[in-house]
Structure formats: C-alpha cells, structure tokens
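Please look over the structure below with this briefing beside it.

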Amino acid sequence: MTTRTEIHVIGGGLAGSEAAFQLAERGHRVVLHEMRGAPGNQGTPAHRTESLAELVCSNTFKSTDATNAHGLLKAEMRALGSVILECADAARIPAGTALAVDRDIFSAAVQARILAHPNITVVRDEITALPEVGIIATGPLTSDGLAASIASRLGAKSLAFYDAIAPVISSESIDTSIAFRAARWGKETMAEAGPEGAYLNCPMTKEEYDAFIAAMVEADLYHSHEFEDIPYFEGCMPVEEMARRGAETLRHGPMRPVGLRDPRSGKRPWAVLQLRQEDRAGRMWNLVGCQTRMRYPEQTKVFRLVPGLGNAEFLRFGSIHRNSYLNAPQALSPHLSLKDSETTLFAGQITGVEGYTESTATGIMAGINLDRLLRGERPVLPPPTTMLGALYRHLREADPAHFQPMNANFGLLEELADPPRDKALKRERYAERALQELASWRQEYGVVSLSPSGASV
Ligand SMILES: Cc1cc2nc3c(=O)[nH]c(=O)nc-3n(C[C@H](O)[C@H](O)[C@H](O)COP(=O)(O)OP(=O)(O)OC[C@H]3O[C@@H](n4cnc5c(N)ncnc54)[C@H](O)[C@@H]3O)c2cc1C
C-alpha cells in the first residue's frame, strides 16, 4: 500500500530526476521542482539549458567494468533499476568501456521519461523552504535562497560552498619502510590515534623537497570556470600556489618538519609531507595540505616524487571548485535526512558525494527510503561490502572535522576476509561479493528493483 501524500522533490538534476522516478514507480504522487526555466530565474552558473538531468561538464559516467569502482557502483545501481543509467544506455556513444553519452539525447530521454510518468508533475519554480515530506537534490550550485534556509535549519557550519580537496591514496601503496607513523611532538591527536600515531610522515631531504617544489611549480593546472573564482585563504590555498610563493613556504607551513624525527636517521627531515588517516580501517590516507588544481596526471607525477609515495595509488584526486555540500556525518541521519524530520531527505552532490554516478545513486536510495518511511517501514541501507553501502558508511562515519566530498573507490569497501595479493583478482572478489550481498540485502528487506520496462521485479 502506498500513501497519496504529495512528495516534493527539489532539483531536476541527476539525483532529483532519479529519486522522483523511483517514488513515482512505487505509486507516489511526486511534484518535481526545477528552477531552470522558471520565469525570471537565472538558472545556475554552470547549466546551459532548461532540460532535466543536464550534464554540466564531461559527458561520461565513467567505467562500466565491475572491477572498477565506478563500474561496480553502476552494476549495483542497475540491480536496483536506475532510470538515469537506462537513459544513459539509450544515449551511449563509443568510448571503450566508459559509459559516455550524447548529452542532448541523454537529457532529452530523461526529460521524456519524467514528463510521461502519470505520477510526476514537473513544476518550474525555485523552492526556498525545506519540505516536510520530500527530497532536496539541488546539487553543487544550490540556489542562494534555499542554501540560506538549509544553513539556518542546520547551522551555518554544516553547509560548505566550495571544496578544497586533497588527494587520497590507498594504504597498501604507501612504502612504510620510508613513511613513518608519528604525531608532531609525539602528542598531536595521540588520544584519538592510539599508540601508533595519527599520521604517516614522508620525510624529504633538501634535494627531494626542491625537486618536488620545482615539479609542482611547472605542473599543468585545470582552469576554473569564471564563476569559480574562490577567494583563497588558509585551509583552501592550492598547494601549487603555496609552492609558487617561494620554495620555503610549504616547509614553514603544512610540510614543516618540526616535532618529527625520521626513525631511520634519528634526525629531523628537511620537510615532511604528512598523511592523515581518512577512514576507520586505515585504508585511505589524505595528503595533508595538498588541495590542488593540478591536472590528474600531473598529481600522479608530482606526488609520486615524495619519498614513500613512489607507487601511490590515487583513490581520489585533489580538486578545488564551487560545491554546496553538507557536513553529512555531523548534520544528517544515516539515511541522509534531517535528524529532526526523517521524511526530509537529501540526495545528490549536496550530501557530500562527488560525481554524476554517485549523485544518481543517492537519488535511488532516497527514493527507496522515502517510500519505506511513508509505508511505515524503517529506512534501510546496503551493507558496506557494496559500493553504495560503503559510500553511505563514509557519509555517516567520516570525521566531521575533516569531511570532504567523496567519490566511489575500493578503499571505501569493507576489506575481504582473505584478500588475494593480486590486485585484479582482489577487485574481482570485491565485485562478486558486492553483487551477491546486494542481492541478499534486497531479498531480506524486500527492496524491489525497477526493471528497464518500469515494472517492479
Ligand atoms: C562546474 C562543474 C563541473 C562538474 N563536472 C563534473 C564532471 O565532469 N563529472 C562529474 O561526474 N561531476 C561533475 N560535477 C559534479 C556534478 O555537478 C555532479 O556530480 C552532478 O551534477 C550532481 O548531481 P545533482 O543531481 O546532485 O545536482 P545537479 O545535476 O546540479 O542538479 C541540481 C538541480 O537543482 C536545481 N536547483 C538548484 N537550486 C534549486 C532550487 N532552490 N529550487 C529548484 N531547483 C533548484 C538546479 O537548477 C539543477 O538542475 C561538476 C560540477 C560543477 C559545478
């Protein structure tokens, strides 16, 4: 039995369109609000059209190979029945194993599916208040009026307006015969970190540091959109910008060696790049102070110059751009609702996930859980052995003091009981386990999937 409560989904982007469809297919009446196309509305600084589910930048949803983190997430989303992926398939253009699309055909297909649905009404208006029963999926460029309402409901500190992301690398790719565990002066956050120390430290000689700085100064950068001119201040200054200010800047800033001794020599290094543990299991490590606009291949080249990081595997690259997002672990419930109103959910990039596929995936889950709540059932989330469940675990368990948006990656997944040494084999096992456990979870909680024709299975 479904209720006939009118549900308001705010934002007709990837997450909002997916969530609206999921709810409508489950029998709910949905009003999907999109401000683009409303009389007098300026839209966002990045969108160019009035179409639903416009892709603002690249035209790819990345890999379809389930042994790739993005491919695995898509395989899980297909098992749950994603209308966005179905429309992406219909608009697919050749790009090897990547799911690249003709962006106009894609958004026209999404719009057609949404407009044709008898349970969905699309209204072109800007919403500035939070709905009692609904999903807020207004994305990285949420309008100012709604952002103000969110900030006043959740506290201004819960909503960030840009991200300044440092790369995250996998623990197994760090050479721990060079990088050593210690907190500065042996005290900083030791209580939290336990006896082993909160940080891994990559010590540099003068020559190594000079070569690292020189490579950074020469590196090619992503050029930002004109609306992304972020006023840099401490905490979001790109690492390459600090390097450009003079060779000593980083050595006296985030890479200062004070309070640290290299156990191999017993001496203080010339400079130190610190790695901070990003997850509870210690499988993901954040390069402290290294938020950057360097192009991805340049990040690989430059950071691999650091002793101990010669084989670094990047789980998330650094970036700096406009992005309205919530501090989910602090501000939201596990199913990403307001803590004091469980039927007011958030989905998409505003929840602190990063990327087209990840944003769409949270739209599926928001639809599933709001349906459950309206039928008097508890919200459910897949286990952290699945990519979807692992992303949700990150959103609820990450350290709120250092919370930054996250993309799908294998470092988020629960470790295998007996991980094979071979990387390709390990990824195959992750994928097999994830899809099996998603199927069991669906069965346990009666989570139906919407088949391509739209019928529930
Ligand atoms: C400049 C830029 C480039 C990006 N490039 C990429 C990329 O190449 N690859 C990638 O994977 N990700 C990229 N991203 C991230 C990308 O935006 C998200 O991954 C994805 O679009 C998020 O989906 P979403 O549904 O959360 O938000 P969106 O797709 O942005 O949808 C949000 C919708 O809400 C509407 N809206 C906002 N406020 C209101 C309101 N108050 N009332 C009604 N409607 C409202 C907006 O008009 C928009 O249509 C980029 C982001 C930006 C800003």
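In this predicted model, the axes of helix α3 (residues 83–90) and helix α4 (residues 103–116) come within 8 Å and cross at roughly 135°. Here axes are lines fitted to C-alpha atoms, for helices over the stretch in contact, and angles run from 0 to 180 degrees between N-to-C directions. Local features need pLDDT of at least 70 and side-chain atom pairs count only at pLDDT 80 or more, while totals for chains, interfaces and linings use all residues. Residues are numbered from 1 along each chain as its sequence is written, and side-chain values use heavy atoms, with hydrogens and water left out.

**The crossing of α3 and α4**

- The angle makes α3 oblique to α4, because angles under 35 degrees count as roughly parallel, over 145 as roughly antiparallel, 65 to 115 as roughly perpendicular and the rest as oblique.
- The crossing of these two helices is right-handed, a term used if the near helix is turned clockwise from the far one by less than a right angle.
- On the α3 side the contact (heavy atoms within 4.5 Å) is made by V83, I84, E86, C87 and A88, and on the α4 side by F106, A109, V110 and R113.
- Of the residues in this contact, seven are nonpolar, none is polar and two are charged, where Ala, Val, Leu, Ile, Met, Phe, Trp, Tyr, Cys and Pro count as nonpolar, Asp, Glu, Lys and Arg as charged, and the others, Gly among them, as polar.

- Helices (H or I, at least four residues) and strands (E, at least two) are DSSP runs, numbered from the N terminus.

**Residues in loops**

- L52 lies in the loop between β2 (29–33) and β3 (60–63), and with 0% relative accessibility L52 counts as buried.
- Among the residues that L52 touches, not counting residues up to four places away in sequence, are L32, R36, S107 and V122.
- A53 is found in the loop between β2 and β3 and has a positive phi, near 50°.
- Most residues other than glycine have a negative phi.
- L336, in the loop between α10 (328–331) and β16 (337–338), has a positive phi near 70°.

Notes: Buried < 20%, exposed > 50% of the residue type's maximum accessible area, 1.4 Å probe, protein only.
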